[in-house]
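Student: Could we look at the charged side chains in this structure together? I would like to learn how they pair up.

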Amino acid sequence: MRHWQTHRPEAFAQLPNPQEYFTTMGERIATTVADLIPTLAGADHPGEEYLEKVARLNEARLRAEEIAMEDEGALASPELSREEWEDTTSETTDSLLDWAWKMKDQLDGDADHGLTWEDSQRRWLLPLTFLQEMAAAQSPLEYLREHSSIWETSVENRWARDSNRPAR
């Protein structure tokens with residue numbers, strides 16, 4: 001709970017009952033840890049010394065805690081500001097234009113970049129028709145400029161997706 005208060009303040013503020021949320025999460029983590037330890041520790045080794053067994057069991061417990069906490073999202077990544085997200089996202093205008101030129105090559109049969117419409121839609125959160133028309137356009141840059149509102153909606157939706165905020 002303290003981790004979220006410090007590193008995920010917006011997400012924490014949206015929880016209707018933080019105490020209940022983190023109590024339930026803690027119970028699920030404890031159950032998962034208890035279930036994982038025997039599997040991760042494995043059977044006793046022949047001739048294993050007492051301290052070796054303690055070390056093996058401790059290692060299994062620590063790994064089980066790590067897995068359970070990760071699975072539950074207990075140590076979620078810190079929230080990014082919009083500016084930090086824009087500085088670190090790989091889905092920029094330049095990368096979309098690069099994608100359009102590669103898709104043109106691929107459609108013309110000049111190269112196989114392994115691009116698919118479905119993956120591109122998922123990545124960019126853009127309508128299929130937008131992507132198809134952009135790839136077919138004489139100038140993808142000009143097409144993007146003429147349809148900037150669609151691009152801006154995509155940026156807002158990707159920001160919402162990546163920051164766990166409600167999409168437009």
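Tutor: Let us begin with a definition: a residue is buried under 20% relative accessible area, exposed over 50%, and partly exposed in between. Please keep in mind that this is a predicted model.

Student: Where does Glu-66 fall, then, and what is its relative accessibility?

Tutor: Glu-66 has a relative accessibility of 46%, so it counts as partly exposed.

Student: Which residue forms a salt bridge with Glu-66?

Tutor: That residue is Arg-63, and the closest N and O atoms of the pair are 2.6 Å apart. Arg-63 is partly exposed, with a relative accessibility of 38%.

Student: Where do Arg-63 and Glu-66 sit relative to each other?

Tutor: Both belong to helix H4, which covers residues 50-72. They are 3 residues apart there, so about one helical turn separates them.

Student: New topic. How many salt bridges are there in the whole structure?

Tutor: A search of the whole structure gives 10 salt bridges.

Student: Which residues are linked in a network of salt bridges?

Tutor: The network links Asp-44, Glu-48, Lys-53 and Arg-56. Within it, Lys-53 meets Asp-44 at 3.1 Å, N to O, and Arg-56 meets Glu-48 at 2.7 Å, N to O.

Student: Is Arg-56 buried or exposed?

Tutor: Arg-56 is buried: its relative accessibility is 12%, and the cut-off for buried is under 20%.

Student: And what about Lys-53 and Asp-44?

Tutor: Lys-53 has a relative accessible area of 30% and is therefore partly exposed. Asp-44, at 48% relative accessibility, also counts as partly exposed.

Notes: Residues numbered from 1 in each chain as written. Predicted model: local features only at pLDDT ≥ 70, side-chain atom pairs only at ≥ 80, totals over all residues. Heavy atoms only, no water. Salt bridge = Lys/Arg side-chain N within 4 Å of Asp/Glu carboxyl O. Buried < 20%, exposed > 50% of the residue type's maximum accessible area, 1.4 Å probe, protein only. Helix = DSSP H or I, 4+ residues; strand = E, 2+ residues; numbered from the N terminus.
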